[in-house]
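I am opening my notebook to record what I looked up in this structure, one topic at a time.

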Amino acid sequence: MRHVIALDVGGTGMKAALAGPGGEVLHRARRATGRAQGPDAVVAGILDFAAELHAYGTERFGAPASAAGVAVPGIVDEADGVAVYAANLGWRDVPLRELLAQRLGVPVALGHDVRTGGLAEGRVGAGRGADRFLFVALGTGIAGAIGVDGRVEAGAHGFAGEIGHIVVRPGGEPCPCGQHGCLERFASAAAVSEAWARASGDPDADAADCAKAVDSGDPRAAAVWQEAVAALADGLVTALTLLDPRVLIIGGGLAEAGETLFTPLREAIRTRITFQKQPTIVPAALGDAAGCLGAGLLAWDLLASTDRMEVTP
């Protein structure tokens with residue numbers, strides 16, 4: 001059976017699948033990333049994991065995988081297939097596509113983890129059928145994926161979708177990127193966790209705890225939550241003004257608060273827009289499977305483009 005390898009590399013773990021032509025998952029596997037052993041060990045682990053998946057597919061389905069798709073964090077040069085930099089994995093300028101292609105003997109597509117997850121959400125998840133969508137992940141940081149006609153825009157230099165670094169509070173808190181007042185310093189799950197830990201006096205409190213306290217009527221939690229929602233709405237309205245998406249998909253840890261987030265966020269955006277059209281605002285549907293599913297889509301897209309080139313006279 002024709003299939004592809006799909007691999008989603010995270011800071012602590014890797015999720016993998018063998019995917020069929022219709023996107024169906026034929027096999028799943030997980031493995032620790034092993035970042036404590038250093039970047040070289042992480043790369044070696046990725047190559048070994050992919051090779052094991054390749055061998056399993058050959059044995060199980062009677063033929064090797066036709067291609068592989070890999071999603072990785074950090075800065076990614078998708079055109080050249082290079083994992084440029086990832087702080088949480090410690091690597092720089094890793095020619096991952098070339099290394100995997102040599103190891104597996106099949107074509108390989110390399111993608112940014114959030115853009116790859118956004119591709120899956122837009123094509124087969126919460127944004128299915130939308131010609132224009134914006135996917136925003138509210139996690140440790142904030143990143144996005146800009147979807148146009150079934151594909152995700154990487155930008156001229158691979159930085160498209162980094163909306164977490166829209167400045168929403170000029171002169172505000174410093175951001176590791178070098179700016180002050182970036183969106184992710186106020187509205188990421190990490191930022192809400194930090195703010196609620198300070199406000200509650202509990203150093204172990206996190207964003208999920210804050211959401212629960214909001215639901216129980218705690219005024220301190222409400223103040224923290226309102227500040228985050230206001231900052232998020234300011235950043236998203238800037239993005240909506242530039243991109244005019246039909247659907248806005250919100251995922252990541254903060255989105256797990258459900259309507260505790262979505263109800264005030266929809267209202268905050270509504271009160272800020274003037275001439276803009278408010279998109280449909282929905283929670284992500286695929287959860288932590290999005291990156292792996294998106295990696296499979298990258299692999300099938302690569303095969304489709306290769307097939308088209310082969311038949312072009």
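My entries below cover a pair of helices, one serine and several salt bridges.

**Before starting.** I note that this is a predicted model, in which local features need pLDDT of at least 70, side-chain atom pairs count only at pLDDT 80 or more, and totals for chains, interfaces and linings use all residues. Residues are numbered from 1 along each chain as its sequence is written, and side-chain values use heavy atoms, with hydrogens and water left out.

**Entry 1, two helices.** I looked up helix α6 (residues 207–215) and helix α7 (residues 219–243), whose axes come within 8 Å and cross at roughly 120°. Here helices are DSSP runs of H or I with at least four residues, numbered from the N terminus, while axes are lines fitted to C-alpha atoms over the stretch in contact, with angles from 0 to 180 degrees between N-to-C directions. For the contact (heavy atoms within 4.5 Å), I listed Ala207, Cys210, Ala211, Ala213 and Val214 of α6, and Ala221, Ala222, Val224 and Trp225 of α7. By class, this contact has nine nonpolar, no polar and no charged residues, where Ala, Val, Leu, Ile, Met, Phe, Trp, Tyr, Cys and Pro count as nonpolar, Asp, Glu, Lys and Arg as charged, and the others, Gly among them, as polar.

I found serine 188 in the loop between α4 (184–187) and α5 (189–200). Is serine 188 buried or exposed? It counts as buried because its relative accessibility is 1%, given that buried means under 20% relative accessible area, exposed over 50% and partly exposed in between (1.4 Å probe, protein chains only). A polar atom of the serine 188 side chain lies 2.8 Å from the backbone oxygen of glutamate 184. Beyond its neighbours within four places in sequence, serine 188 touches Gly139, Thr140, Gly141, Ile142, Leu183 and Leu254.

Another joins glutamate 267 and arginine 270, with the closest N and O atoms 2.6 Å apart. These two are separated by about one helical turn, because they stand three residues apart in helix α8 (residues 259–272).

Technical notes: A polar contact is a pair of N or O atoms within 3.5 Å; within protein, one must be able to donate a hydrogen and the other to accept it, and residues adjacent in sequence count only if both atoms are side-chain atoms. A salt bridge is a side-chain nitrogen of Lys or Arg within 4 Å of a carboxyl oxygen of Asp or Glu.
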